[in-house]
Amino acid sequence: MFDLATQGRKDDKLTFEDLVITKGTYEKGTNDEIEEFIYQLLDVTNDEILSRSDLDSVLVAMFDHIFHLKGSEPESSSHCYMVDTFLNAATFSKDHEGCNDKSMSFEDFKSWCTLVPSVKKFLASLLVQPDPGRSGSQVPKLQHLENIDSSILLLRDEYAWHIGGALSQEELEEWKLLYHSSLNGFSFNTFLGNVSNDDGPTVFIIKDREGYIFGGYASQPWESLSDFYGDMKSFLFQLYPKASIFRPTGANSNLQWCAVNFSSETIPNGIGFGGRVNHFGLFLSAGFDQGHTFSCPTFNNPCLSKTSQICPEVIECWGVRKRMELEKQDVVKGSVLERFEDRHMLNMVGIANASE
């Protein structure tokens, strides 16, 4: 960062002008200028070669910082686990004379940023005062019943941070567990019943028998229709063995699919994202026992698993509770408490009945 801010002068002096220019690039620069700055920043060894080891060092430092701020720093083994998943989404195509290993070109870096927006968010906010709510640092609070063994959950803090890279700050407050196959059974009806009680966006995650973890963010509530619906806020994602996000391309509006108790072959019962009927970007049948994933123009995603046909081993769904909704709940709770306390005070002085 120092070498970049001083534009490589090597005079060991950081001027006020250097800081103004650097901060201006972060806050006022074009997207290309910001990405170029971050690209250079990632070159830890300052040899003008962005290698896998450079990215490894940066990602480890990022996870240390983010999850230390959150107050639940993961173990080093967890760091390695997540670093590998992020690096598995990266491309290294740049050749260097006399070197067998390829490095990451600027075009490779820009493509990687679209797949892991949380990384770009964090690095683009380095000159902002550090706190847990800073863009790129915020990790949603994952809410579930206390008697649930957290080891059965697919969604971990690091995964939530990755998915949150494609969301607004107000959607990163609190995510509540609505459905889990180990707790609720592989039941489509139970799933729909649970999610219908939480009228908002959801994070839908599958772990299949191949060990792959992937899913989709549904911006609209799940409701049974005979056609696609939804908006351009929905997206697909991969969590393991690589971490990637695939946002809508605008090629079509086939974002979400939910069909229940239809008898037509052209209206498959189940839930899905993108693509077309019987060739979805991601689809899970109403039996919750099989599904498929294909590359599709809706999200420009690849097959999300090892093969196109998937057999779910674990299914879970989280409700995204926006900041505004949580604030409204607090107001309602406060007003109910105030009304209770006021009535209790009236009872104490014996005039509650007289006031009715």
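**Note on aromatic pairs and the cavity**

1. Both Phe 86 and Trp 161 are buried, where buried means under 20% relative accessible area with a 1.4 Å probe and protein chains only. The model is a predicted one, in which local features need pLDDT of at least 70 and side-chain atom pairs count only at pLDDT 80 or more, while totals for chains, interfaces and linings use all residues. Residues are numbered from 1 along each chain as its sequence is written, and side-chain values use heavy atoms, with hydrogens and water left out.

2. Rings of Phe, Tyr and Trp (its six-membered ring) pair if their centres lie within 6.5 Å, and planes under 30 degrees apart count as stacked, over 60 as edge-to-face and the rest as tilted. By this rule there are 22 aromatic pairs. Phe 86 and Trp 161 form a tilted one, at 5.8 Å centre to centre and with 40 degrees between the planes. Since Phe 86 belongs to helix α5 (residues 76-87) and Trp 161 to helix α8 (residues 157-164), the pair ties together parts that are 75 residues apart in sequence.

3. Tyr 217 and Phe 235 form a stacked pair, with 5.0 Å centre to centre and 15 degrees between the planes. Tyr 217 lies in strand β6 (residues 213-218) and Phe 235 in strand β7 (residues 235-240), so this pair ties together parts that are 18 residues apart in sequence. Tyr 217 counts as buried at 1% relative accessibility, and Phe 235 is buried with a relative accessible area of 1%.

4. One aromatic cluster is formed by Tyr 179, Phe 188, Phe 191, Phe 204 and Phe 288.

5. A search of the whole structure finds one cavity of 30 Å³ or more, a cavity being a set of points on a 1 Å grid over the protein atoms alone where a 1.4 Å probe fits but cannot get out. The largest cavity has a volume of about 50 Å³, a volume being the space filled by probe spheres set on the points, which are joined across faces, edges and corners. Its lining residues, those with an atom within 4 Å of a point, include Ser 118, Lys 121, Gln 138, Trp 161 and Leu 172. The elements that give two or more residues to this lining are α7 (117-123) and α8.

6. For the chain as a whole, there are 11 helices and 14 strands, taken as DSSP runs numbered from the N terminus (helices H or I, at least four residues; strands E, at least two). Buried residues make up 46% of the 356 residues in the chain.

Technical notes: Buried < 20%, exposed > 50% of the residue type's maximum accessible area, 1.4 Å probe, protein only. 1 Å grid on protein atoms, 1.4 Å probe; cavity = no way out; pocket = protein on both sides within 12 Å on 5 of 7 lines; lining within 4 Å.
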